[in-house]
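Hi,

Here is the structure I promised to pass on to you. Have a look at it first, and then read my notes below.

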Amino acid sequence: VYSSRRNSTKNIERIDSLFIRWRYALTQEVWNSIRADFNGNGVSLKEFSSGEEFVSSVTSYINNEIKNADVNGKQSEEDYKNFTEKAWQGDVKPTWIPYLTDNDMITPVQQDTIEAKISQWHDAVSSGAMMWFYVIIIILAIFVTLYFFRKRKSSKMTAAEVKETKA
């Protein structure tokens, strides 16, 4: 094709056009496969067809989950585990993130953005559990203090009673 002078320009343009369409189709198939992996794990993301849209969709999903973490309680913890363990750590990160970064479909900075959002989500979900942990510790500390205070008070009274009986 390239060595033939007859219609070479048209043939080259046609081949270039086919390569562009082929590359676009492959790229869209990658994004569709990533979306299918998320959907297969019960994570419904907004449509995306580029690295920027992918990061935006994932961070938007996580932001929404963070916003509703206090309202949804235990369900938020389950959603977090499902997203991180099944979707992100299970399928997307080990399989797709290296491919996306190697092919310049996302940047390492964009990957770090997603990881930071996941960390924020973890903090939001676990802060409720930690709050209950601290509340329980405080209540136990109050009961222990009251117990020892009453025991001490009763032992002082018995000492005073002993002195009274001697007198």
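Glu47 is exposed, with a relative accessibility of 62%. Here, exposed means over 50% relative accessible area, buried means under 20%, and partly exposed lies in between, all with a 1.4 Å probe and counting protein chains only. By that scale Arg35 is buried, at 10%. Please keep in mind that this is a predicted model: local features need pLDDT of at least 70 and side-chain atom pairs count only at pLDDT 80 or more, while totals for chains, interfaces and linings use all residues. Residues are numbered from 1 along each chain as its sequence is written, and side-chain values use heavy atoms, with hydrogens and water left out.

What joins Glu47 to Arg35? The two form a salt bridge, and their closest N and O atoms are 3.5 Å apart. (A salt bridge is a side-chain nitrogen of Lys or Arg within 4 Å of a carboxyl oxygen of Asp or Glu.) This pair links distant parts of the chain: Arg35 belongs to helix α1, Glu47 to the loop between α1 (8-40) and α2 (51-67), and twelve residues separate them.

How many salt bridges does the structure hold? There are two. The other partners to look for are Lys93 and Glu115, which form a salt bridge with their closest N and O atoms 3.0 Å apart. Here too distant parts of the chain are linked, with Lys93 in helix α4 (residues 74-102) and Glu115 in helix α5 (residues 108-166), 22 residues apart. Lys93 is partly exposed at 26% relative accessibility, and Glu115 is partly exposed at 24%.

Now for the overall picture. The protein has five helices and zero strands; helices (H or I, at least four residues) and strands (E, at least two) are DSSP runs, numbered from the N terminus. Of its 167 residues, 26% are buried.

Leu146 sits in helix α5 and is partly exposed, at 41% relative accessibility.

Best wishes
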